[in-house]
Each structure stands twice: as structure tokens, then as C-alpha cells.
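Subject: Structure handover

Hello,

Here is the structure we talked about, with its sequence. My notes on it follow below.

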Amino acid sequence: MISFSVSLLALVLGYFIYGKFITRIFGPDDRLTPAVANTDGVDYVVLPTWKVFMIQFLNIAGTGPIFGAIMGAWYGPVAYLWIVLGCIFAGATHDYCSGMLSVRHNGCGLPELIGHYLGKSARKVMLVFSVLLLVMVGVVFVYSPAIILQGIWGSKLMWIILIFVYYIIATMLPIDKIIGKVYPLFAFSLLFMAVALLIGLYIKMPVLPELWSDLSAFNLNENPAWLGTDSFVSKNPIFPCLFITIACGAISGFHATQSPLMARCLEHEKYGRPIFYGAMITEGIVALIWATVSIYFFYYGGWREVLDANAVEEFILQSEGGKTLIQYFDAPSVVKIICSGWLGIFGGVLALLGVVAAPITSGDTAFRSARLIVAEALGIEQRTISKRLLVCIPMFLGSIGLLIWQMENPNGFNVIWQYFGWANQTLSVFTLWTITVYLVQQKKAFYVTLIPALFMTVVSATFLMISKQAFGLNSTISYIGSIVVLIGALVWFFSWYRKWTANNR
């Protein structure tokens, strides 16, 4: 519990110390924000700051910091380092700067920002890339809640139809009609669940592996005997797979597609730090709590504590047949089991909100972001509902096609999710390079995003080389390739930097 407590304190201090440092570098001022200057009653709407924070938190969080942290717990306490360092120095910096950059550019979406600073070719690539990513998010977050809800009442198809209809309505309506009213409630439920589990951890005070322990002994990915030779986890090395698995709790490119939504609702630039940087730190805390609970659950038999005798016996029987913990307890199951076991009936309700409501809300804001990105690229105003329909109809038809393919393929969900994970972190790479170019042009301390940009570039490139879903190269070739990518990125950046400084003296 010492490593966990120190990590928790580090995240809080990170907001007050490093967050203030990043804010000073960016330099918020008293200029009119897009919400004030361009109020349209649909997307540009001034909302109370607390409400903007809650919506931003739910938009970027969903179940990402929960599911990612649960799966990341299989790497052991080293996950703490990535959550803390990644969140403070990469993720929160990424979210704050991308959100404030959108504020400075009239609330425009990520592809337009990338095009402005990285060029028209990058804009075209990111336009297609971002929309496809957002549609994948929407489709994934239709299917997974429907699977859970069918176990409570109704059929899977019924829930898919209902969720999709809700997506259409939420995407089309002004932001303050549904999102502004309901999302703060769901965000509160996620925060309450995390705080309740935090209190539970300190009451139980379980003995957990520490950062100074033999970390290799606690990395289940390097101990196939614990998992079984067929477990997919044993095929995913800590680098780069940990940095893809835990995304939303550390850094996530998806966040940069969501921040423009709140950039259009921000009353004053000074609120950027608590909303953009603060929401990401909050998400990091949620991820840290779930990683710790999951380490206890998996490593020290915590699953025995929250299951009844029949369920324990059933797992033991299946484990004798070769079935492992991670194959038996998927992330949604862990959430429901822990919340119900630790928090009782009320915890079960919170788990339902977390596992069902959170992905649904992430899905509808993904579609909303896609609508705004496409409309912005094509120059279609969004004040009138007919123009919103003009953008949404093709987007939803494409989503329905992808959803049908996913339903007809037994492994469809996993395939989409795997590609989403890589695409998510690759999007953060483009965002970080965009911010770095902006800081260079503003003659500010660009190294604060250059270092994360280089690191995430190497992570995404290495994952592409080593992943079985991509090139599937062996680890030696992949790691040599990662060094080549790092050198190439450094040469590209500093070549551009010299030319730019020479032309702008």
C-alpha cells in the first residue's frame, strides 16, 4: 500500500505543481472564449464550470480508466509508474494543451488543428483517421453495454436498437439538453464508486507488491505458467503493450477529440487547468485505484473474498481444466464482482452505471465529435437540424454496417477494440507533435510536449511492429526498429526546427 499511497499523492501534487507550470507556459489570458463570442445555442453554449468539468471527465473517462487499469494490473505494480508519470507529464499536458489550443482556434476540432500546424496532408489523414476512430468508439460502445443489459432484461438486439436510437437523438440535440443535464450525474457515480473503493482499500490495508519488490515476479505476462500457454497476455511484452493497454488512465488521443466539445462551452480561459488538466488527473486517480484493487483481486486471492462458495468452486474446477483467472474474469465481470462484494447492493447499482452508462455516454459524444469534425471539414453550418442530419445520416449508415459486421463475427468486438487501442495512442502522437509545433512557433518551452511526443511515437511504432494483429515481428527486430523510429523522429524535428528558427529570427 506504500507504493499506492505515494502514487496517489504524486498525482495530486502533479496537478498543483506541474499543472501550474504547464499553465504558465501556455499562458491563458482574458480574450473571449468561443462559447462567449460565438454562442449558437447548439454546440457553442456557456455552461457552469463545475458542469463542464463533470462532462469533460465523463467524456474522456467512460470505462477506459477502469477496464484499462484492470488489464494493466497483470503487469504488476509497474503499472503505477505509467499511470503516475504518464498522466502528469504526458496525458494531462496533452489534454490541457489540446483543449486550450482548440479554445484559441474558435473551438475547432483536432483534424483542423493538426492541419494548421502539421500541414494539409496531415489534416487529410487525420480527418479520415479521427472519424474512423470515433465511429469505432461509437460502435464498440453500442455492443458491449447491450451484452450486459440483455442479462438483466430484454434481448441484445433490442438494447442495440435502443442505444443506437439514443445516440442519434443525443448527437442531434443541443449540448445542454441531454449531455449538460444527465452527464454530471453519471460522472458523479463514477467518482463516488472510486472514492468508495479507495476507502475500502485503506480499511482492508491489503499486503500488495511494491515498486521496490522483484517486479519480474509480479509480472504475470512473463510467467506463462500462471496463465496457461494459450493466454494472450503472455504474448504481450511490457514494452510497448502496457502503454497501449493503460491508455485513458495515462494518455489517450481520444481525449483530444472530446476536448473541443468543452472548448466550446468554456466561459474563461483561466478555467482550462481545472477542466482539462484536472479532469485527466482525476481519471488517473480512478485508474490508480482500479489497478490497485485489481492487483489485490488477482495476486492475493481477492477474488475468493468477493465470490460465494459455489462460484469459487466453479472457478477452481475450470482452472484445473486449464482456464486462467484472466480468461475467467474479464474486465466487466471484475467491476461487477468487486463493486457488489465490497459495496453491496448500492455498489452493484454503481457498477451497472459504470459498466453500462459510461460507455454509452462515451459513444454518443464520439458520434457528436465526428459530426462536428465532418461539418467543419466540409463547411456545413450546424445551427439547423437539417444540416445536422445531412452530416449524420451517412455517418450512422456506416456505423450500422460496421455494427452488423461485428455482430456476425464471433471475434468482431475484439478485432475492433485492438485496432482502436493502437489508433487511440497513434492519435495522441499527432496531437503531441501538433502542440510541440505550436509551442515552438510561440517561442515557448516546447520540450514539455516534445519528450512525450517522442516516447509515444516509439510506443505506437513498436506496437505496430510487434503486435500479432499487425506485422508480428519478433521482439529483437521490433526493438531495433523502435530505435530507428526514435532517431528518425529526432532528425525530422530538429531539421524542421533549424529551418523554422532560421526563417523567423
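Arg371 counts as buried, because its relative accessibility is 0% and the cut-off for buried is under 20%. Please keep in mind that this is a predicted model. Arg371 sits in helix H18, which covers residues 331-378. Setting aside neighbours within four places in sequence, Arg371 has contacts with Asp43, Thr171, Gln382, Arg388, Val391, Cys392 and Met395.

Next, the surface. A nonpolar patch there is made up of Leu157, Ile161, Val165, Ile169, Leu173 and Met407. Together these residues have about 480 Å² of accessible area. Which helix gives the most to the patch? That is helix H9 (residues 156-172), with four residues. Ile161, one of the patch residues, lies in H9. Ile161 has a relative accessible area of 47%, so it is classed as partly exposed, a class that lies between the buried limit of 20% and the exposed limit of 50%.

The last item is a pair of helices. Helix H2 (residues 18-26) and helix H6 (residues 78-104) have axes that come within 11 Å of each other and cross at roughly 35 degrees. The crossing of H2 past H6 is right-handed. On the H2 side, the residues that meet H6 are Tyr18, Ile22, Thr23 and Phe26. Their partners in H6 are Ile88, Phe89, Thr93, Tyr96, Cys97, Met100, Leu101 and Arg104.

Regards

Conventions: Residues are numbered from 1 along each chain as its sequence is written. This is a predicted model: local features need pLDDT of at least 70, side-chain atom pairs count only at pLDDT 80 or more; totals for chains, interfaces and linings use all residues. Side-chain values use heavy atoms; hydrogens and water are left out. Patches are made of residues with over 30% relative accessible area and no salt bridge: like charges are joined within 9 Å, nonpolar side chains (Val, Leu, Ile, Met, Phe, Trp, Tyr) within 5 Å. Accessible areas come from the Shrake-Rupley method with a 1.4 Å probe; for residues, only the protein chains shown count as cover. A salt bridge is a side-chain nitrogen of Lys or Arg within 4 Å of a carboxyl oxygen of Asp or Glu. Helices (H or I, at least four residues) and strands (E, at least two) are DSSP runs, numbered from the N terminus. Buried means under 20% relative accessible area, exposed over 50%, partly exposed in between (1.4 Å probe, protein chains only). Contact means heavy atoms within 4.5 Å. Axes are lines fitted to C-alpha atoms, for helices over the stretch in contact, and angles run from 0 to 180 degrees between N-to-C directions. A crossing is left-handed if the near helix is turned anticlockwise from the far one by less than a right angle, and right-handed if clockwise.
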